[in-house]
Structure formats: structure tokens, C-alpha cells
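Subject: Structure for you to look at

Hello,

Here is the structure I promised to hand over. Please open it and keep it beside you while you read. My notes follow below.

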Amino acid sequence: MNNFNNIQSLWSNQEPQKQNKNVDYIKAEAKKRMQSSGRRLGWGIIILSITAAILGIIICYLPSLKWPFGPGLLAMFLSVTLRSSLEIISMIWKQRLNIALPTQQYKCQILRYYRARKTLTTTVTFSTLALYFAGFSIMIPAFYGYMQTLYFIGVLVFILVSVPVFSIFLIKKSKEELKELNEIIALLD
Amino acid sequence: MITEEEFNNIYNEYHPKVYRLCLGYMSGNQPLADDLAQEVFIKLWEKQNSIKDQKALSSWIYRVSFNTCMMSIRNNKKYSSNEIEDTPYQPEQDQEASESLKQLYRIIEKLKADEKNMALLLLEGVNTENIAEVLGITKINARVKIHRLRSKLKDEMEHL
């Protein structure tokens, strides 16, 4: 086969497979994905708005809040607001990735996104989680003063159970995402 | 913004081309190429707002196809050159042509990513100007690379 036209004809004469899905299925699937991504962004914005509003109220009333409730609540809601904001920025960033760029440029663009996502999954997630628990922890001694012993023990047991469960869930989720991100980055690099 | 009817026309016109590009990326595996071609058209519908110029529609379709194929490879790593499928061939069951096609898939699979994209466009008969536009390189650069790649493909196919 020493003529390029023969190679081209060999290529174009491949028998096409019978299409499993028709064009209507493709449009319906695309619309479904767009709606689902819009819904996720919508929920993210709702969560961010609520936490930002609570954070605003805490900041307004900060001078009148007694130690350690002011700094404790501030740390807790600041961490949630920060994490939610970054998640929304990440969602919008992903939606705005331009898949119609030449491959090399697209690769650079998507690598930047996935590296940022990796930082978000590791450093940012665990820093905000630490800030959240720090905020909560400094309020525990004050709870002891305000609550009856039985209630306090109940709260303490709840925390001792829920914190490890929540942490394990979060670490597992982060590990899964990190594994996926590392695979993509290794492929693109 | 593309209307539903325009999209149907695009689908009918470009599906065979996109499907063959996907076959090139999936080493001739038809079910995988079919899924990938479907994914490309879903992306085309989702990202239709990114078409800046209707005249550059074919470049836009090829770019979206390549980028979708590139991102899908990690899900299909298991398809190596040892597993190239028997590819049906038209107009008749020509055993020699079928073997040649398998060889062509092996050659394509060994190419670097940018060479692979260029080879697939060349095989589709896309002209130099459009290849340059799709790959985001100058026409002169494209001409040089195309010349080298055509020779490479011919040489390797001669070793059949």
C-alpha cells in the first residue's frame, strides 16, 4: 500500500456500526445533563446564601456575643461560607472550560482547573474543616457552664460519634476524588 | 445558537466522520467508538454557545471531538495495540483490506497525540488550511507536518 489515497480509501470504506442511539436521545441526554448541572449550581448558591447571611448576622452581633461564642460561631460559619464559595467558583470554572479550543490549549486549560481542584480537595477542604472544628471546640467548655450535665454529656457523646463518622466520610470522598484527579493530571501532563 | 433541526442536519452529516475519529482513538473498537461518538454529540449540543463563527463549524466539531476523545482515554486504557478488533470492511468481506486496516489502527495508536489528531484529519480528507485551524497551528507548520506524516504513514503501511 504505497499510495496515500489508497490508505484514505481504506479508512473511509470502513463499515459504520449501526447507531444504537438516535439524535433525539442525544439531545434529551444533553438537556438532562445541563439541567442537572444547573440544579447543582442552584443548590450551591442557596447554601452559600444561607451561610453568608448567618455569617453577616454573626459579624453584626459580634461585639455583643460573649466569649467564646462570638469567635466560635464566626470560625464555624466562616469556614462553611469559604468552602461553599470555592465550590461554586469551581463549578462555574468547569462550566466555562472551552472544549472547542485546539487540543494543546484545552489541555493546559483543563490541567489548570484540575490542579486547582486538587488543592481544593486537599488543602482547602481540610483547612476549612479544621477551622470549623476549632470554632466548635472552643465553645465546648462554655456549653458545660450553660447546660445541665445530662444535656452536656448527650451533646458530647453526639459530637464524639458524629465527628469521626463525618471525618471518615469526608476523607473517603476526598481520597476518591483525589485518585481520579491524579489519574487525569498524569494522563494530561 | 443551533436549532434542533440544524443539529439534526449536523448529526447526519458529521456522525460518520466523528465516529471514524472515535474509532481511531479506540483502536477500532466499535462499541466504545459508538459510545464516544455519542458523548461527542452530547458535548456539541451542550457547548453550542461556544460556536463563534458558523463558517468554522467543521473545525469546531473536530476540536470538540478530539478533546472529548482525549479526556475519555483514561476510561479505556485497557485497549492496547494487542487488542485491536476485527474491523468490518466495505464493500465486501475483503480479508486483505481488513488486515491492512488493523495495521493502520496499530500505526495510529503508536502516534503521539498531536500526530494522531493530524493523521485522523488527513485520513478524513480535511484540507491543510482546515487542519491548521483545527489544530491551532500555522498553515506553513501544518504543511510541513502533513508532509512528514503522509510519508510516515505510507512507509509504515508499505511494511505490511
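I began with the aromatic rings. Searching the whole structure gives twelve aromatic pairs over all chains. One of them joins Tyr144(A) and Phe152(A). Tyr144(A) has 52% relative accessibility, so it counts as exposed. Phe152(A) has a relative accessible area of 11%, so it is buried.

Now go to chain B. Tyr25(B) and Phe66(B) have ring centres 6.4 Å apart and planes at 50°, so this pair is tilted. Where do Tyr25(B) and Phe66(B) lie in the chain? Tyr25(B) is in helix 1 (residues 4-25) of chain B, and Phe66(B) is in helix 3 (residues 57-72) of chain B. Tyr25(B) is buried, with a relative accessible area of 9%. Phe66(B) is buried too, at 1%.

One more point on rings: please also find Phe69(A), Phe136(A), Phe143(A) and Tyr146(A). Ring pairs link these four into a cluster.

While you are in chain B, look at helix 2. This helix covers residues 30-46, which makes 17 residues. At 1.5 Å a residue, helix 2 of chain B should span 24 Å. Its end C-alpha atoms are 24 Å apart, so the model agrees with that figure. Is helix 2 of chain B largely enclosed or largely open? Of its 17 residues, 13 are buried, so the rest of the structure largely encloses it. Asn29(B) caps the N-terminal end of this helix. A side-chain oxygen of Asn29(B) lies 3.0 Å from the backbone nitrogen of Leu32(B).

Remember as you read that this is a predicted model.

Next come the charges. The whole structure holds twelve salt bridges over all chains. I picked out three in chain A.

Start with Lys27(A) and Asp24(A). They form a salt bridge, and the closest N and O atoms are 3.9 Å apart. Why are they about one helical turn apart? Because they are three residues apart in helix 2 of chain A. That helix runs over residues 23-61. Lys27(A) is buried, with a relative accessible area of 3%. Asp24(A) is partly exposed, at 46% relative accessibility. For a sense of scale, compare Asp24(A) with Cys108(A). These two are 84 residues apart in sequence and 33 Å apart in space, C-alpha to C-alpha.

Arg33(A) and Glu29(A) come next. Their side chains meet in a salt bridge of 3.4 Å, N to O. They are four residues apart in helix 2 of chain A, so about one helical turn separates them. Arg33(A) has a relative accessible area of 27%, so it is partly exposed. Glu29(A) is buried, at 16%.

Here is the general rule. An α-helix has 3.6 residues a turn, so residues three or four places apart point the same way.

Glu87(A) counts as partly exposed, at 22% relative accessibility. Some salt bridges also share partners. Which residues do they join into one network? The members are Glu29(A), Lys32(A), Arg33(A), Glu39(B) and Lys43(B).

Stay on helix 3 of chain A for Ser90(A), which has its place there. Ser90(A) counts as buried, at 6% relative accessibility. A polar contact of 3.4 Å joins its side chain to that of Tyr113(A).

Last, the surface. Ile153(A), Val157(A), Val161(A) and Val165(A) form a nonpolar patch there. Together they have about 350 Å² of accessible area. Ile153(A) lies in helix 5 (residues 149-188) of chain A. With 45% relative accessibility, Ile153(A) counts as partly exposed.

Best wishes

Methods
Residues numbered from 1 in each chain as written. Chains lettered and ligands numbered in written order. Predicted model: local features only at pLDDT ≥ 70, side-chain atom pairs only at ≥ 80, totals over all residues. Heavy atoms only, no water. Patch = residues over 30% accessible without salt bridge, like charges linked within 9 Å, V, L, I, M, F, W, Y side chains within 5 Å. Areas by Shrake-Rupley, 256 points an atom, 1.4 Å probe, with all protein chains shown as cover. Salt bridge = Lys/Arg side-chain N within 4 Å of Asp/Glu carboxyl O. Helix = DSSP H or I, 4+ residues; strand = E, 2+ residues; numbered from the N terminus. Buried < 20%, exposed > 50% of the residue type's maximum accessible area, 1.4 Å probe, protein only. Expected span 1.5 Å × (residues − 1). Polar contact = N/O pair within 3.5 Å; in protein donor to acceptor, adjacent residues only side chain to side chain. Phe/Tyr/Trp six-rings, centres within 6.5 Å; stacked < 30°, edge-to-face > 60°.
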